[in-house]
Amino acid sequence: MDRLQTLEIFIAVAESESFAEGARRVGISAPSATRGVNALETRLGARLFTRTTRRVRLTEVGKTYLEDARHVLTQLQAADDAASGAALRPKGELRLTCSNEFGRIYVTPILTEFLDTHPEVSADVVMVDRVVNMVEEGFDVAVRIGPLPSSGLVAIRVGSVRRVVCASPGYLARHGTPRTPEDLARHRIAAAAPVSPLVEWRFGGDRAQVIRMRPRLRLSSVAAAIEVARQGWGLTRVLSYQVGPDLQAGRLCAVLTDHEPEPLPIHLVHPEGRRAPAKVRSFIDLATERLRALPVLA
């Protein structure tokens, strides 16, 4: 078993936290995977995993080694791609991460168009409402909403979104339209909120302020909060892209627009810069064009 295969086995076992699943990913038997990892630990003189009857976990040394091993394989793949022409022609697997709702509404149509155009490309998309470490978790492209921290990643701005307070026309006809953030105290609020019963909505405009409230209805799902607002029960606050079609169709109306805080930028982020393979460059070009053309993200 060569060192490259041993690295692939180690990464597969580390990501799956299982020798059997890691072996399946690389197409070998579980005993072979165990022997490969044992040999690697012997050669390094360090324990990379702690083992129990149910799962395996990386040690602190193992976590550091995993990051280095991923970097080695990424560099090797880039060299292979350049030699085989992948640097010029989109091919291989594109790994992308984005938030759930933005991915469902906007990224998926762009991605299927991209795959139809480039038959040699496959895609692995992870939709999760957290900021992932692109390098450590092996992603080619990420869609980020909000200010970006300083990093070595390349970022392309494709639009922005607003924090929108909205309700159905029927609700506003029955209960009136709030004119200031303080008016929210007299309204039904359906909040897409965390576990805490106290919800804070920040507003900007001429006078920045924070409104703290205990809404009668808290939901862990943004989609559910939007549906409650559509049905006319109360007000909710979400990002503008999440209710873009509802606002355009008149199913929901935005209120307190003069008090909205600054919009949040949307970026496409990738780590390779000019050395990015063709699959990444081509997807970035298409996604940039499609996202910038959407009025709801302007």
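## A buried ring pair

In this predicted model, Phe102 and Tyr241 are both buried. The centres of their rings lie 4.9 Å apart and the planes stand at 80 degrees, so the pair of Phe102 and Tyr241 is edge-to-face. Because Phe102 belongs to helix H5 while Tyr241 sits in the loop between strand S12 (236-239) and helix H9 (244-249), the pair ties together parts that are 139 residues apart in sequence.

## Other aromatic contacts

Over the whole structure, the search finds seven aromatic pairs. One of them joins Phe10 and Phe49, whose ring centres are 5.5 Å apart with planes at 55 degrees, so this pair is tilted. The pair links distant parts of the chain, with Phe10 in helix H1 (residues 3-16) and Phe49 in strand S1 (residues 49-51), 39 residues apart. Phe10 counts as buried because its relative accessibility is 0%, and Phe49, at 0% relative accessibility, counts as buried too. Ring pairs also link Phe10, Phe19, Phe49 and Tyr65 into a cluster.

Charged side chains also meet rings: Arg95 lies over the face of Phe139, at 4.2 Å from the ring centre, and Arg237 lies over the face of Phe203, at 4.5 Å from the ring centre.

## The cavity

A search of the whole structure finds one cavity of 30 Å³ or more, and the largest cavity holds about 30 Å³ of space. Its lining is made of Val107, Ile110, Val143, Leu268, Phe283, Ala287 and Leu291, which divide into seven nonpolar, no polar and no charged residues. Helix H5 (100-117) and helix H10 (278-292) each supply at least two residues of this lining, and H10 gives the most, with three residues.

How values were computed
Residues are numbered from 1 along each chain as its sequence is written. This is a predicted model: local features need pLDDT of at least 70, side-chain atom pairs count only at pLDDT 80 or more; totals for chains, interfaces and linings use all residues. Side-chain values use heavy atoms; hydrogens and water are left out. On a 1 Å grid over the protein atoms alone, a cavity is a set of points where a 1.4 Å probe fits but cannot get out, and a pocket is an open set with protein on both sides within 12 Å along at least five of seven lines; lining residues have an atom within 4 Å of a point. Grid points are joined across faces, edges and corners, and a volume is the space filled by probe spheres set on the points. Helices (H or I, at least four residues) and strands (E, at least two) are DSSP runs, numbered from the N terminus. Ala, Val, Leu, Ile, Met, Phe, Trp, Tyr, Cys and Pro count as nonpolar, Asp, Glu, Lys and Arg as charged, and the others, Gly among them, as polar. Rings of Phe, Tyr and Trp (its six-membered ring) pair if their centres lie within 6.5 Å; planes under 30 degrees apart count as stacked, over 60 as edge-to-face and the rest as tilted. Buried means under 20% relative accessible area, exposed over 50%, partly exposed in between (1.4 Å probe, protein chains only). A charge sits over a ring if NZ of Lys or CZ of Arg is within 6 Å of the ring centre and within 35 degrees of the ring normal.
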